[in-house]
Amino acid sequence: MTETVTLTILHTNDMHGRVAALSRIVTLARQIRQEVTSQGSACVLWDAGDAEDTILLESSLTRGAAVMSLLAAAGYELQALGNASILRYGPRILPEHRARFGRPLLCANLVERSSGNLPAGLTPYTIVPCGDVRIGVIGLSAPIPVYTVFDLEPRQPQDVLPDLIAQVRAAGAQTIVLLSHLGSKADQQLAETILGLDLIIGAHDHVALDPPLLVNSTLIAQAGDHGRFLGRLDLALDRHSGRIVSHTGRLLPISDALPPDPDFEQAWLAVQAEVKAQAARPVGELLAPLELVDDRECSAGNLLADALLARLPDVELALALAGQWTHGLPAGPVSYGGLNSAMRLSTNPGRVMLSGDEIHRWLASAVQPANAARKLHALRDRACGLPHVAGAQVFYDPAQPDSLTVSVGGEPLAPDRQVAVATTDLEFSEMIGYVVIDEARVAFEVPTIMAEMLEDYLALHWPLTPPTGPRMMAQATA
């Protein structure tokens, strides 16, 4: 009997809805699995998170669940929790993700603040047998502070990992693997400071490590993003201790020369058919086209502001950027799929008390043509667009934005007046940067996202004539 056990780990991360690449990954993974298992060795396929993304309409319409079905069809055995879905929709989506995937969804450092327990659908670790060696796989996800709005507590990896390693070893694991959605810098810091980690398979910052890094005695691998590569690690494990005796690792390019996998393609067609039926559901009717433009007031921006003003209690004013929309909508029936295609962002409505000065400074920045034309990654490379208001009128000169005047409830807005404002977690964020408001000041309605809020508004105003204004009145000053 040899003194080592051989294992091939195939891994991906941050695919973000690239289904065509995933289909080719399946082709290559199945070829490798057949080759490896025919030689008497084990082969596994794992993902380190963010396979789903709203860039894929089927993912957007199902809050990421459709992609979990695709991962199951692709033959993945494990996935770490990323941030692509839970950051948008909160923990409510996790049980369905787990059910669709059919395998453990790993994350040990995101707990409910009220109970201290993991949200339903998550598993902190699992143990994978590999011949005589038992491999403990722990999942960790980036501890993003905004998770607190979902009543979740994101715990720091260095605080939870030592006890987790001890638990996994006590459960019989010899080899310890971290399936990490933390980012490569955090992975390297853990390898430098935490004892007992044999391997980290990483994600989150889209880094391609080829070959893998070796930090102290911890091997670190990551396979880039968007399905450009399939990571392959060939490990020889000591039969008694589970220690990695030797390894080879590389990233295998996924090109159009690889054919799509036929079985996966059938699963993809089934998912598309399922989602198509959901997408056809009517949610409203427009009596005129919903227009989206970036350089002037438009009905899409006004509708978003109107829906915010109606959504939140006891507010006087709503502020919204038209750049939240992807495109406008034609006159006629509005379907669930059509609405979600036009509004892909997952921002949440929120109520905040703002001073007249803060409102004035935000508007003065937002009406500047250069700011309105800015294209941001957070907006899927859409322009910010002009600000839109409900419950107010704004007069401004684009060439002299500081001359802007605002009337709320028919009265000029004094700098020291306190106003209850409806907005989202985008407009006053650091990523926009006009006026940055501490999120602790905002009472968010979570997990409601914009498409859901608009669906409710359309249902109450069926049929709807898109609101045209004027509310934002550009005029040259003397």
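Reader: Before we look at the sheet, when do two strands count as a pair?
Author: Happy to start there, and please keep in mind that this is a predicted model. Strands of a sheet pair through backbone hydrogen bonds, either parallel or antiparallel. For two strands to count as a pair, the number of bridges that DSSP must find between them is at least two.

Reader: Now to β21: are its two faces covered or uncovered?
Author: In a regular strand the side chains alternate between the two faces of the sheet. In β21 (residues 387–390), Pro387 and Val389 lie on one side, with His388 and Ala390 on the other. These four residues are all buried, so by the cut-off of under 20% relative accessible area both faces of β21 are covered.

Reader: Which residue in β21 is the bridge partner of Ala320?
Author: Strand β16 (residues 317–321) pairs with β21 in the antiparallel sense, over four bridges. In β21, the partner of Ala320 is His388.

Reader: What is the volume of the largest cavity?
Author: The whole structure holds four cavities of 30 Å³ or more. Residues lining the largest one include Val352, Asp425, Phe428 and Phe444. By class, its lining has six nonpolar, three polar and two charged residues. The space in this largest cavity is about 90 Å³.

Reader: And how many residues in the lining of the second largest cavity are charged?
Author: This cavity has a volume of about 50 Å³. Its lining is made up of Met15, Gly17, Arg18, Val19, Leu22, Ala51 and Val67. Five of these residues are nonpolar and one is polar, while the number that are charged is one.

Reader: Leaving aside neighbours within four places in sequence, which residues is Glu192 in contact with?
Author: Glu192 lies in helix α7 (residues 184–193). Its C-alpha atom is separated by 33 Å from that of Ser114, 78 residues apart along the chain. With those sequence neighbours left aside, the contacts of Glu192 are Val215 and Asn216.

Note on methods. Residues numbered from 1 in each chain as written. Predicted model: local features only at pLDDT ≥ 70, side-chain atom pairs only at ≥ 80, totals over all residues. Heavy atoms only, no water. 1 Å grid on protein atoms, 1.4 Å probe; cavity = no way out; pocket = protein on both sides within 12 Å on 5 of 7 lines; lining within 4 Å. Points joined across faces, edges and corners; volume = space filled by probe spheres on them. Nonpolar A, V, L, I, M, F, W, Y, C, P; charged D, E, K, R; others polar. Buried < 20%, exposed > 50% of the residue type's maximum accessible area, 1.4 Å probe, protein only. Contact = heavy atoms within 4.5 Å.
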